[in-house]
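Here is a short briefing to read alongside the model. Have the sequence and the 3D view at hand, and let's walk through a few spots together.

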Amino acid sequence: MSASGPARRWAIVGGGTAGLAAALFLARAGHEVVLFERVANPEPVGAGILIQPTGMAVLRELGLLQRVLARGERIERLYGLTSYGRMVLDLGYADLRPDLFGLGIHRGALFSVLWDAVCADSRIERRMGVEITSLDEGSGGVTLAGEGFDRVVVASGARSPLRAPGATVKPYPWGALWFVAKQNPKPGVLFQRYRDTRQMIGLLPSGDGTVSCFWSLRADALPGWRAAGLDAWKAEVRALMPEAPIDEVHSIDEVIFAPYFDVVAPRWHTERVVWLGDAAHAMSPQLGQGANLALQDAAALAQVDDFAEYTRRRTQQLRFYSLASRMLTPFFQSSWPFLAPGRDLVAGPLHAWGWYRRQMLTSLAGTKTGFFSEMALP
Ligand SMILES: Cc1cc2nc3c(=O)[nH]c(=O)nc-3n(C[C@H](O)[C@H](O)[C@H](O)COP(=O)(O)OP(=O)(O)OC[C@H]3O[C@@H](n4cnc5c(N)ncnc54)[C@H](O)[C@@H]3O)c2cc1C
C-alpha cells in the first residue's frame, strides 16, 4: 500500500499545489494517475504567496525549481512596523544561513509551472470539469466518479467536501482583501504595517515586476467595506502605509477577498485514502506555510509504505504549524486590540535575543517540528 510500492491506479481529487505535485511524484514512481479537477479550464489565478526554503527543496526534487525561481522574486527580509513606526518584525533569511531566501510568486505562476509539468507527463490522465463530492471506500479499492481506484489522494483545498476522519473545519472570522500592483516600494522585502490587531497591510513582491497587496478584513465586514466605497478604503490604506500602491486600483472589482479556514484532523488517512494540503490542514496564512506544507505533503507521500506511516511522518510539523498559526493570528488579525500593546512592547526588543530570533527564523523557513524541535534546513 504505498506510493513507493507496486504500481497502482491512483485518483487525485484537486489540481492545486498539493494535487499537481502529488500527481508528478506518483507518476514518476511508475503509478497510473488520474487527476480530477472541478474547474474545466484551469487558469493561473491567485495572489502572491511566499515559498519557503522547504517548499523550494520539493520543487528542486521535482526538477522545477529553476522555472519557479524565474517567475518569482527573491525575498530577503520580512519587516513589520506598527502604525506609529515601532518595529515588530525584522527577520532576514540570511541570519539563519547566508544562502537562504524566500520566493514571492503568484499562486498562478506556481500553478502554471506545475500544470505544464503535469501536461507534459503522459502517465497522468486529466479529467477537467469534474467535481468529486463523494467516494466509496471498500475492501478491494475506492470507487469515485463511477470508476475503481486502488488509492485516492484528496487535495481539494480548504473547502473540500471530502474530509479526513474526525476533521473539524472552522472558518476564521478574518480574511484578506488583495490586489496586484506594479509599483513596488520595497523590492526584496515582505513589508507589513499594523494598527493594533484590527488593521494590517502587507506588500509581497511577487515576480514579473509586481507586488501583491493584502489588507486584513473581517469576513462579516465585507458588505460594509463595499458599501463605503473605494475612496474611503484608499484613505485608510494611505493612512496606515503611505507608500502602498493603492492608486493603481481603479475599481472595487479589482480587489478580491480571500477567507481563511482552520482545518484540524487527528489523522490524514484511511486505509486507501490520504488527505493532502489545505483539505487536510488549512490554516491562516500568517506564517506563510500553506503551499509549502502542501508541497512537502506530496513529497512525503512519495516516500511512505502505507498511509498510517504518512500521518506519522507528517504529524509533528503539521501540528506545530497548525497550532502556531492559530496562536499567532489573533495578535495580527482579530477583534482583540488589547493584544496589541503587549505585542508592540516586546516583539521588537525580543529580536535582540538570539534564541527568539532563531525560533522566528526557523518557523518562517518552514523547518519547525515543535516548539523546541526543528528539522535540518534543506
Ligand atoms: C490570502 C492568502 C495568502 C496566502 N499566502 C501564502 C503564503 O505566503 N505562503 C504559502 O505557502 N501559502 C499561502 N497561502 C496558502 C496557500 O495558498 C494554500 O495553502 C495552498 O494553495 C493550498 O494548496 P492546495 O493544493 O491544498 O489547495 P488549493 O490550491 O485550494 O487547490 C485545490 C484544488 O482542488 C479543486 N477542487 C476543489 N474541490 C474540488 C472537488 N470537489 N472536485 C475536484 N476538484 C476540486 C480546486 O478547484 C483547486 O484547483 C495563502 C492563502 C491565502 C488565502
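In which sense do strand E10 and E11 pair, and over how many bridges? The two pair in the antiparallel sense, over three bridges. Please keep in mind that this is a predicted model.

- E10 covers residues 142-144, and Val142 stands opposite Phe149 in E11.
- Three strands make up this open sheet, in the order E9-E10-E11, with antiparallel pairing.
- Strand E9 (136-137) and strand E11 (147-149) each have a single partner strand and stand at the edges, so one side of each is left without a neighbour in the sheet.

**Around the ligand**
- The ligand is surrounded by 36 residues, and the closest are Gly14, Gly16, Gly157, Gly277 and Gly290.
- By class, this shell holds 17 nonpolar, 14 polar and five charged residues.
- Elements that each supply at least two shell residues are H1, strand E2 (32-37), E3, strand E13 (168-181), helix H7 (278-281) and H8.
- H8 gives the most, with four residues.
- Domain 1 (9-74 + 107-169 + 261-345) and domain 2 (172-260) both give residues to the shell, so the ligand lies between them.

- In helix H2 (residues 53-61), the buried residues are Pro53, Thr54, Gly55, Met56, Val58 and Leu59.
- Their cover includes helix H1 (17-28), strand E3 (48-51), helix H3 (65-71), strand E7 (102-106), helix H8 (290-301) and helix H11 (354-365).
- Look just after H2 for Gly63, which takes a positive phi of about 75°.

Technical notes
Residues numbered from 1 in each chain as written. Predicted model: local features only at pLDDT ≥ 70, side-chain atom pairs only at ≥ 80, totals over all residues. Buried ≥ 20, exposed ≤ 12 C-beta atoms within 10 Å, placed from the backbone. Contact = placed C-beta atoms within 7 Å. Near = placed C-beta within 6 Å. Nonpolar A, V, L, I, M, F, W, Y, C, P; charged D, E, K, R; others polar. Domains from an automatic or database assignment. Pairing = 2+ DSSP bridges.
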